[in-house]
Amino acid sequence: MLGLTGVCALFSVSALFFILGYLLFNGGTSINWDFFTKLPKPVGETGGGMANAIVGSGKILLLASLLGVPIGFLGGMYLAEFSGKKAAWVVRYAADLLNGVPSIVIGIFAYSLVVLPFKHFSALAGAFALGIMMIPITLRSTEEFLKSVPRVLREGAMALGASKWKTIATVIVPAAYRGIMTAILLALARVAGETAPLLFTAFGNRFESHGWSQPTATLPVMIYTYAVSPYDDWHRQAWAAGLVLLGLVLIINILARTILSRGIAVPRS
Amino acid sequence: MATTTTALKGAGPVTGSRSFFVKLRDGDEIARLVTFLFAATVVLITILLVWELWVNSVLPRHKFGLHFFVTQTWDPIVDEFGALPFIYGTVVTSALSLLIAIPLGIGAAIFLAELAPAPVSDTLQFFIDLLAAVPSVIYGLLGVFIVVPLVRTVIFPALNKPFGFLPIFRGPSYGVGFITAGIVMAIMVIPYIISVSREVLLSVPRDQREAALALGSTRWESTWKVVVPFAKTGIMGSIFLALARALGETMAVTMVIGNTPKIAASLFAPGYSIAAVIANEFTEATGDLYLQALIELGLVLFLLTFILNGLARLLIVVTTQKGSGVAA
Amino acid sequence: MKRIAGLAIGVLALCAIVLADNALLINGAGATFPYPIYSKWFDVYHTKNPNIQFNYQSIGSGGGIKQITEGTVDFGASDGPMNDEQLKAFQDKRGTAILHFPAVLGADVPTYNLSGVNAALNFTPDALAGIFLGKVTKWNDPAIASANKGVNLPAADIVVVHRSDGSGTTYIWTDYLSKVSDEWKTKVGKGTSVNWPVGLGGKGNEGVTGLVKQTPNSIGYVELIYAVQNNIPYGTVKNSSGAFVKADLAGVTAAAAGAAKAMPDDFRVSITDAPGKTAYPISSFTWLLIPQKFQDGAKRDAIKGFLKWMLNEGQDSVEALSYAKLPKEVVEKEKKAINNIQ
């Protein structure tokens, strides 16, 4: 019986390597310079690449971080340093609620809030949706890491006459810096692969998009579009894009977890 | 934390609104205010989200009321909308995924918590965490090109030939369908079951195991009969968490479920799920009733995941507290 | 210091994003039916006019109608003309009328995946209606076999594939079936999204083609070019004169001949089941949906410029992608109608 549990564990872990291996096998050969630099070709023609989707994803992730990280970070700081018990409970509850919302529902929210009033699909709308998804992870992690800074540091600073905000800014945050960075990276990795909320916010674009108020192509949406199409060339590109996306997500995850393992233990998200 | 109030020349005690602005000169109060505003934004966003879902689904709620949940028709031409096929599809695929994931996940968690030496356990957990990070669309990609043909050419004949008389295994099989979505989702939720169950099992106090072993039980007996039951509620919590994730799963499901709003007994039949229909039809729902019916589906999904997540958290907290509360 | 550096990079990146080169971007969305020719056109037009980018997203005709009515895109595209209710909704919401401009002629073809059968099967209207109603369930049913003597049809179950999204291709198909089958007309009706009695749903013409290609014993309906580009067989359909016609340029052009002479001013017309010995019965125009009044003068001029190009040089590239050119009379009428856009 115990052996069976080992088999279960082996099976689960090998799923990861199977996925990676399969993507490498199918997508590896299609990753070439063209893939990263060319725009998509008209339907049915072979060739072309996903330059606009890669840039688009990067742009949206940057904007999402600008939205989600400050709110999560400063909100977490409020919970750790300033709030009373009741307020803390309310904010934490709201963050947990937000965390559990299915991403498609967040897409609906972003559509009604950003796309409709401005009357067009935009990178901003997509970033809004993804930014909201980054908030809960960042908030909870910031709170936990700030709280876990040893009292001695806090008291030492105050004994030297520093006011509370100075203590936070110059002593506590730098001490918790590593953990918070990790949390931000993990949040980023999580939203990097999200497709559903982008379907009706960032929409899509066959060209590069400029600024943040235009529809934008993104890597996950391109993978989806190409995978369900009948064109073999598009399938080939979908594999390549899948490999790039998975590689990106895994690298961020590995980076985050190894940074952290040299510090405090990773809290469960 | 003391607020230093500078004494103003000739002024009395600082009260009311003046005190607000005086306090604001203090860096701490600014910090408090600023962080409070950001924290309040989180609450605001959450309230706004629920409000938007509620307000933007008013038409179908008034027109169909509770009928919405028991009607099978989804007919945009005559404006007849019923949620039953989607609820059915969501429930069936989630249940199927749990059926596959629970034994595998708990088995693996037991191995990681009880049997594997700590470095092995940590490394394997690391890989499991990475598995949880794989994006949904990648699962969809693999589902379309690997699992769909697998179901059509291997799994269907294997189950249909001997058991085809059972309504759940009846053909025909197109490759896409409930079972395909269930299989793909199972792999997606296994990491959640494993990580939480492993933690919960690890938090069971040593003396429980040792007492069982001292009474002469085998390793397996002490694990299965003592440790696991002790952690039972926490493991239930992990299952609820996995279920909540499965319910909201969109991309992988819509790529392999067949996109057919029909209720069918056979697992091999094509179906639809709440998240999948929203993803497919949202951008083209002409007419307010149609769009709002989709939003109402979103609201239903939100409520389901909300309840499940709440229950899950409760169960997990209860178990881990039980573990730490028992005298060592 | 690291933090300041990071911040600086962030700000620079933002600037780069915002201040980047501003070509005029015009967004459109809609039908998957003409997507191959639209994507070709917009690509060629962009090389000729590098400052103008037409971004077209093929999300289905239903999506095109919805998004142009909401105003989230600058133009829409649909193979099912907007009905009066939708026209009114647009007028109410946007304060101006929506104009239809035929772009090309195309055809819906019944495409299938039957091992061993690469020839073009003959389909009667009854057979097609029966299959999609779920009444004809096996490939060797007499309804199909009687028109295909000599072909070895297997006794396999038919897997029906239809659209899961709001589709003009569906509109054309169901419009045809409603004309040739009373049962279809009463039971299902015509529309961009119908309550299908049987079948799997694929998203877009692309999705249906993909499903048919991967699913043995399946049958679906797609625009001609999708079957051609993906090398899947498609059948002939019996037209109103009794001849079995395979979809091609001649058949589609013949179907449009009658309508060309009697084209209404708003260009909304159905040419399915058209009279004529050589007419292909499931043909259709596909329309670009352009609002009559534009706030943005630059966009209006760009769209008008594109329309003129489309009616002149654009028509030269359609046949290579198996779409038929617009009849001359329609082109002339459209050129005059472009002036209605303000």
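Q: How many helices and strands does chain A have?
A: In this predicted model, chain A comes to 11 helices and 0 strands. Reading along the sequence gives α-α-α-α-α-α-α-α-α-α-α.

Q: What size of box do the C-alpha atoms of chain A fill?
A: Roughly 70 × 60 × 35 Å, taken along the principal axes.

Q: And what percentage of chain A counts as buried?
A: Of its 269 residues, 59% count as buried.

Q: What about contacts in chain A between residues at least 6 apart in sequence, how many of those join residues at least 24 apart?
A: 75% of them do.

Q: Let's look at a helix pair. At what angle do H3(A) and H6(A) pack?
A: About 35°, and the axes of H3(A) and H6(A), the latter being residues 123-147, are 5 Å apart.

Q: Is that crossing of H3(A) and H6(A) left-handed or right-handed?
A: Right-handed, as H3(A) passes H6(A).

Q: Which classes of residue make up the contact of H3(A) with H6(A)?
A: There are 20 nonpolar, 10 polar and 5 charged residues in that contact.

Q: OK, on to the neighbours. How many residues of chain A are in contact with chain B?
A: 67 residues of chain A, and they meet 65 residues of chain B.

Q: Which helix of chain A gives the largest share of that side?
A: Helix H1 of chain A, residues 2-27, which puts in 13 residues.

Q: And by class, what's on the side of chain A that touches chain B?
A: 50 nonpolar, 12 polar and 5 charged residues.

Q: How many residues does the contact between chain A and chain C take from each?
A: 23 from chain A and 29 from chain C.

Q: Which elements give two or more residues to the side of chain A that touches chain C?
A: Helix H3 (51-82) and helix H5 (103-118) of chain A. H3(A) is also the helix that packs with H6(A).

Q: What classes are on that side of chain A?
A: 12 nonpolar, 8 polar and 3 charged residues face chain C in that contact.

Q: Switching to the core. Which residues touch the most other members of the largest nonpolar core?
A: Ile223(A), Ile193(B) and Val256(B), in a core of 302 residues.

Q: Which helix gives the most to this core?
A: Helix H7 of chain B, residues 178-202, with 17 residues.

Q: Now chain C. What order do the strands have in the open sheet there?
A: S5-S9-S10, 3 strands with mixed pairing. The edge strands are S5 (122-123) and S10 (244-245) of chain C, and each pairs on one side only.

Q: In what sense do S9(C) and S10(C) pair?
A: Antiparallel, over 2 bridges, with S9 of chain C covering residues 236-238.

Q: Which residue in S10(C) stands opposite Lys238(C)?
A: That's Phe244(C).

Q: Last one: Lys88(C). Where does that lysine lie?
A: In helix H4 of chain C, residues 84-94.

Q: Buried or exposed, and why, for Lys88(C)?
A: Exposed, because Lys88(C) has 12 C-beta neighbours inside 10 Å, and 12 or fewer counts as exposed.

Q: How are the C-alpha atoms of Lys88(C) and Ile98(C) placed, that is, what separates them?
A: 9.3 Å, with Lys88(C) and Ile98(C) 10 residues apart along the chain.

How values were computed
Residues numbered from 1 in each chain as written. Chains lettered and ligands numbered in written order. Predicted model: local features only at pLDDT ≥ 70, side-chain atom pairs only at ≥ 80, totals over all residues. Contact = placed C-beta atoms within 7 Å. Helix = DSSP H or I, 4+ residues; strand = E, 2+ residues; numbered from the N terminus. Nonpolar A, V, L, I, M, F, W, Y, C, P; charged D, E, K, R; others polar. Buried ≥ 20, exposed ≤ 12 C-beta atoms within 10 Å, placed from the backbone. Pairing = 2+ DSSP bridges. Core = buried A, V, L, I, M, F, W, Y, C linked by C-beta atoms within 7 Å. Axes fitted to C-alpha atoms, helices over the stretch in contact; angles between N-to-C directions. Left-handed = near helix turned anticlockwise from the far one by under 90°.
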